[in-house]
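I opened the model to look up a few local features and some totals for the chain. My entries follow in the order I made them.

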Amino acid sequence: RWWQPGKPPAGRAQPLDLTLNLDGPASLRLRDNRPGLPIQTLKLGGGMRMWPHRQRLDLRLRLGRLDGPGQAIVRVGGRWGPQRGWAQLRVAQWPLSSLVPLTAGVPLRSSLPANANPAQRRAALDLRGRLNARLDLQLRGGQARCNGEAILQGLRWQPGSASKALSVEQLPIRCRERELQVASTPWRFGTWRGQLRGQIGADRRFNLELQSAAPATAARLGPLQARLSGQLLADGLKNGRFDLRGPRTELRLDGEVGRTLRLAGAWRLDAAALAGGTWPSWLTNPHLSGSVALAGTPQAPQLRLRTGQRQQGVLGPWQAELRWQGGRLDLESFRSGDLQASGSLPLAMAASGLVIGPLDARLRLENLPLSRFNPLLETRLMGQLTAVGALRGPLNNLQPDLTLRVRDPGAGPLRLQESWRGELRNREVSLRAESPAIAGLLRARLNQRWLPELVDLRRRDGGLRLAEIGRAHV
């Protein structure tokens with residue numbers, strides 16, 4: 001027993017002034033048992049003074065890193081009975097890479113051992129930057145208020161196996177009473193650049209706005225504006241809303257994000273933005289729109305789309321259902337009055353925008369009236385087309401492999417009461433007249449717009465050859 005206080009007066013606490021100081025810097029080791037997280041050793045100095053009879057405390061701490069720059073000073077004071085207190089935080093050049101493992105339990109690439117396997121390196125986070133802060137906090141009546149600013153300098157964030165990193169030269173976070181604010185700040189992601197700003201209140205309701213200017217490689221998308229709002233919870237987001245708008249793009253999602261995703265909304269897209277104008281105009285001029293639902297988990301999201309058009313020049317009214325999962329877009333169903341199709345299309349996000357892989361689709365077209373192509377070819381067609389087979393390859397250079405049958409074909413004043421059968425492969429059409437019709441052979445070559453640039457018809461001893469010159473055929 002070192003010391004025994006005397007007996008206080010009746011009804012009063014014993015007056016006591018207690019001072020504790022560290023005799024020189026202490027070594028503080030922070031350990032996390034989760035794999036991939038490093039042990040951190042800090043220098044700790046400071047002391048504490050306490051008056052229990054007044055329910056009052058004054059704490060002073062100084063933290064420093066042993067393996068590089070980074071200093072922090074913390075002062076806390078107040079009275080715990082009436083819940084009144086204050087705190088001061090001063091931070092200078094503290095590396096963010098040492099904070100994230102402690103707060104989020106995320107392995108960092110910089111902390112992985114030299115013998116880490118490729119899977120561990122792909123899953124780790126690459127985070128760089130330093131924190132400087134001057135914050136003053138007050139607590140009165142159970143409500144906290146703050147004033148000051150924290151600045152993240154040289155921020156670089158690259159999650160998992162992402163090929164590019166998000167970088168911000170200087171991100172100021174200002175604290176004003178019961179709200180945190182981020183002023184308009186430049187950011188960069190690969191060749192994408194823009195501005196971001198936002199705020200979050202004491203009730204954890206937040207609003208984040210982002211503007212971007214597309215790089216030259218994705219200029220067709222135009223400038224984009226995004227907004228994310230909702231209420232943060234311990235394990236996710238409540239009453240979330242995400243809006244994305246651009247000259248050719250609109251997306252709205254509402255719902256919740258946690259261990260699972262429950263989001264739904266609507267979208268609109270000009271399909272020409274995806275293919276850079278290389279698709280035929282009769283496919284891309286109308287805007288596509290529909291509904292969207294996002295499910296699964298944040299690590300393995302599942303996206304479902306529904307779309308269609310009340311009228312399309314060639315196909316008529318149509319509907320489609322698509323699913324994106326694991327970097328692949330599946331066309332689960334496509335239905336119109338004449339066409340049924342299904343297929344898959346690899347999709348991935350990169351710094352330059354959306355990267356689209358080769359299409360692998362199967363289709364069945366039944367008795368499509370050729371007259372629907374009249375506005376495209378600027379001539380009068382007759383007959384019915386049946387096609388069965390596949391479309392494969394990149395969207396701007398599709399390679400068809402189709403079996404064709406044409407019934408009662410005609411063009412202009414000519415019409416044949418007979419059937420022709422053949423194939424369409426690599427933009428080359430070959431058709432032969434079916435018995436009992438007179439033997440005949442039709443060959444045609446299609447250009448990048450899927451319009452005929454050369455037609456050669458042979459029958460008995462005669463022939464007809466049409467070649468494209470500009471928009472005319474001679």
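This is a predicted model: local features need pLDDT of at least 70, side-chain atom pairs count only at pLDDT 80 or more; totals for chains, interfaces and linings use all residues.

Entry 1, contacts of one isoleucine. I listed what Ile39 touches, leaving out residues up to four places away in sequence, and found Arg29, Leu30 and Arg31; contact means heavy atoms within 4.5 Å. I then took the C-alpha to C-alpha distance from Ile39 to Arg29, which is 6.9 Å for a pair 10 residues apart in sequence. I placed Ile39 in the loop between strand S2 (26-30) and strand S3 (40-51). Strands here are DSSP runs of E with at least two residues, helices are runs of H or I with at least four, and both are numbered from the N terminus. Ile39 counts as partly exposed because its relative accessibility is 40%. The classes I used are buried for under 20% relative accessible area, exposed for over 50%, and partly exposed in between, with a 1.4 Å probe and protein chains only.

Residues are numbered from 1 along each chain as its sequence is written, and side-chain values use heavy atoms, with hydrogens and water left out.

Which peptide bond did I note as cis? The bond from Ser435 to Pro436 is cis, with omega near 10°. Pro436 sits in the loop between strand S28 (428-433) and strand S29 (440-446).

I also noted two asparagines with positive phi. Asn239 has phi near 50° and lies in strand S14 (residues 236-245). Asn239 counts as partly exposed, since its relative accessibility is 46%. Asn367 has a phi of about 55° and belongs to strand S23 (residues 359-369). With 31% relative accessibility, Asn367 is partly exposed as well.

I read off 5 helices and 32 strands for the chain. How much of the chain is buried? Of its 474 residues, 35% are buried. Among contacts between residues at least 6 apart in sequence, I found that 34% join residues at least 24 apart. The chain exposes about 28,600 Å², and carbon and sulfur atoms supply 54% of that area. Accessible areas come from the Shrake-Rupley method with a 1.4 Å probe, and for residues only the protein chains shown count as cover.
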